[in-house]
Amino acid sequence: MLKLLEIELELPPNEKINSSMGSVMHGALMEMLPPNFARQLHEENLRPFSQCIFFDREKNQSVWRIGTLNFETYEKIILPLLERKNIFIKQKGYKINLRDRKFLLDTNYEKLADEIFPTSEIPLRADFKLLTPTSFKRDGGYLIFPESFLIIQSLLQRWNIFSTKMKIEENNLAEKLSAFCKISRYNLHSQKFSLEGRNIVGFSGRLSISFVGNEMVNKIFGLLAKFAPFAGIGIKTALGMGAVSSEIFFKSR
């Protein structure tokens, strides 16, 4: 089950949000979960949800997005949030009111694949809008510029862990796939994400990835691009980093 929920937020007077508050919202989420489930999530390397907080300039509204990657997380996180009127932020000492709620995306792994594989349209490019700071970790440091291999690897890992019926597996698949795509355009800037007293420098903005493989390879790219808004990209997606929206461009066979 794949769900992407957006909740409009009402903060106390004179309070403002920033993307780093995603880690604070994560803490509030953990407080409202059943203790056994919260403990289970803390023990997992890749968590079955992503979440972020940001200011939507088009709506002139602070929003909270939560994407779930399996039914249990939907049941334990999304369903309670549909009923709650507010959420207490312990680190800040105040409540945030939860206002209008809307599912931006609502599907499952099989339906997502059916939107790509049986059709005569072939994905040629995906445009990503990076809503919160995004980064990858390598050799003990954080990367401040995207690499197509790391984006593909991040999405493949999450897909194969949480999709129970349909896997996309092959030895060194992310490396093989990355040979057939390239970052073709970008408009990015560096941005800090504060976490537990330290700053992680990542990147935000927009980028396009063009697909130059055969039909099947390009359709795998298209599938991963459709999956990205639920899973996020890169590190610490459960804490508010790596949130994306995506748009795919096709050609007919």
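## The sheet

In this predicted model, five strands make an open sheet of 5 strands in the order 2-3-1-5-4, paired antiparallel. Strands here are DSSP runs of E, at least two residues long, and helices are runs of H or I of at least four residues, both numbered from the N terminus; two strands pair if DSSP finds at least two bridges between them. Strand 2 and strand 4 (86–89) sit at the edges, each pairing on one side only.

Strand 2 and strand 3 run antiparallel, joined by 8 bridges. Across that pair, Asp-56 stands opposite Gln-61. Helix 7 lies across strand 1 (2–10), strand 2, strand 3 and strand 5 (94–107).

## The cavities

Search the whole structure and you get 3 cavities of 30 Å³ or more. A cavity is a set of points on a 1 Å grid, over the protein atoms alone, where a 1.4 Å probe fits but cannot get out; lining residues have an atom within 4 Å of a point. Points join across faces, edges and corners, and volume is the space filled by probe spheres set on them.

The largest cavity holds about 100 Å³. Its lining has 15 residues, with Ser-50, Cys-52, Arg-65, Pro-229 and Ala-243 nearest the centre. Strand 2 (49–56) and strand 3 (61–68) each give two or more of the lining residues.

## Ground rules

Residues are numbered from 1 along each chain as its sequence is written, and side-chain values use heavy atoms, leaving out hydrogens and water. Local features need pLDDT of at least 70 and side-chain atom pairs 80 or more, while totals for chains, interfaces and linings use all residues.

Key. 1 Å grid on protein atoms, 1.4 Å probe; cavity = no way out; pocket = protein on both sides within 12 Å on 5 of 7 lines; lining within 4 Å. Contact = heavy atoms within 4.5 Å. Axes fitted to C-alpha atoms, helices over the stretch in contact; angles between N-to-C directions.
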